[in-house]
Amino acid sequence: RASRTPTLRHPPLLQRRARPPASLRSQPRAVAMLLLELPNRIVQETVQARIENADRPEAVDVTCADFDGVTFHVSTDADDKNVLLVSVSTRCFQELEKYGVKDRLKKVYGPLYQAEAEPSYDATLKIDVTKAPKEAGFYRKVAMLKRHVLAAPFYHVADAIDKKQKTDLIEIRYRADESLYLHCEGTGIVCIFCVCFNDPDDVLFAKVFLSEFADARKTIRGAPTVKYLHKELPHELQNVSGLRTGDNIGYVSVALFPEHLHPQKRDRTISQMLMFRNQLMFNIKVAKAHLHDRMRKRVVTLLQVLNRAKQPKVEGEKQAKTMSGKTFVRK
């Protein structure tokens with residue numbers, strides 16, 4: 001019988017997988033944007049710790065900052081340690097009073113909202129820790145005080161649209177050098193953010209990020225329209241005087257449609273609009289940090305290549321080579 005040559009086969013786990021084509025290997029992986037938390041984490045944890053330990057009255061005095069120049073103050077009442085005061089200070093509270101911010105806070109917080117705020121602050125909540133519900137939803141609700149303050153103009157415009165009333169252009173100077181504009185356009189709202197970039201590179205990163213929002217309309221049904229203008233004003237602001245333009249200033253317009261302002265989606269839409277500017281700047285910083293990390297790793301790799309290319313030094317007599325490659329020892 002003729003002998004057969006055995007065939008070697010790789011086990012299933014050791015079989016080589018076919019590499020994908022170069023066109024697919026070169027494509028970057030899609031990475032989702034990082035989302036910031038809407039409630040203030042410090043306020044939420046402080047209120048939760050105080051309510052869950054109501055049987056041990058302790059003095060609390062915590063001051064913390066939030067985005068958009070907002071300051072929180074959580075403290076106990078001077079006369080009663082079982083009473084917790086949560087106050088907030090913003091740059092534009094006087095402007096927000098024209099759009100019913102106090103009525104909005106009364107509707108959301110009920111008897112917790114105080115008519116007279118703590119000195120140096122704009123709005124104050126008074127909580128009896130012995131009677132407050134020990135629920136995560138309540139802690140989150142208190143920590144979202146800033147959101148409900150800044151959301152008043154959005155609800156004002158949305159209610160006017162429901163009543164088929166016209167509203168003028170609303171300007172909210174919520175930051176020291178930036179403003180937010182709300183323009184009622186038919187049955188929708190156009191939110192315009194004036195963004196001031198401190199770094200010239202941020203202008204390019206913002207253009208890349210916001211172009212992705214424009215491309216998303218091709219695949220996501222009902223996505224809002226996002227436009228980014230640099231060194232020029234949107235057409236909704238052409239008749240507004242005193243607006244700045246320059247190399248470090250851009251205007252982002254987000255058009256909200258009636259389906260975004262539906263009562264079932266209105267709260268979520270307004271929350272996302274309030275965090276839009278902070279989300280943009282946060283993801284720009286994350287992208288720059290990622291690029292710096294890749295550059296450092298690349299430098300380390302190049303240094304390793306250079307170290308491997310170095311010729312080892314030969315101890316003892318030095319050898320020289322002729323043009324033909326022969327070696328000889330100098331005496």
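Which residues of H10 are buried? Before I answer, a word on where the values come from. This is a predicted model, in which local features need pLDDT of at least 70 and side-chain atom pairs count only at pLDDT 80 or more, while totals for chains, interfaces and linings use all residues. Residues are numbered from 1 along each chain as its sequence is written, and side-chain values use heavy atoms, with hydrogens and water left out.

Now to the answer: the buried residues of H10 are Phe276, Arg277, Asn278, Gln279, Leu280, Met281, Asn283, Ile284, Ala287 and Lys288. By buried I mean under 20% relative accessible area, with exposed being over 50% and partly exposed in between, using a 1.4 Å probe and protein chains only. Helices (H or I, at least four residues) and strands (E, at least two) are DSSP runs, numbered from the N terminus. What covers those buried residues of H10 includes helix H6 (145-150), E7, H8, E9 and helix H9 (266-274). H10 itself has 34 residues and spans 50 Å from its first C-alpha to its last, close to the 50 Å expected at 1.5 Å a residue, where the expected span is 1.5 Å times one less than the number of residues.

Let me turn to how H8 meets H10. The axes of H8 (residues 200-216) and H10 (residues 276-309) come within 10 Å and cross at roughly 115 degrees; axes here are lines fitted to C-alpha atoms, for helices over the stretch in contact, and angles run from 0 to 180 degrees between N-to-C directions. On the H8 side the contact (heavy atoms within 4.5 Å) includes Phe205, Phe209 and Phe213, and on the H10 side it includes Leu280, Ile284 and Leu291. The residues of this contact divide into 11 nonpolar, 1 polar and 2 charged, with Ala, Val, Leu, Ile, Met, Phe, Trp, Tyr, Cys and Pro counted as nonpolar, Asp, Glu, Lys and Arg as charged, and the others, Gly among them, as polar.

Next, the sheet. Its 5 strands form an open sheet in the order E5-E6-E7-E9-E8, with antiparallel pairing; two strands pair if DSSP finds at least two bridges between them. The edge strands are E5 and E8 (225-230), each of which pairs on one side only, and the twist averages 20 degrees from one strand to the next.

Going strand by strand, E5 (residues 170-172) and E6 (residues 180-185) pair over 3 bridges, with Tyr181 as the partner of Glu171. E6 then pairs with E7 (residues 188-196) over 6 bridges, and Leu182 stands opposite Cys191. These two strands form a hairpin with 2 residues between them, and Gly186 in the turn has a positive phi of about 70 degrees. At the other end, E8 and E9 pair over 6 bridges, and H8 lies across both, running at about 155 degrees to E8.

I will finish with two serines. Ser253, found in E9 (residues 249-256), is buried, with a relative accessible area of 9%, and its contacts beyond four places in sequence include Val190, Cys191 and Ile192. Ser179 lies in the loop between E5 and E6 and is buried at 4%; among the residues it touches, again leaving out those up to four places away in sequence, are Glu171, Tyr174 and Phe193.
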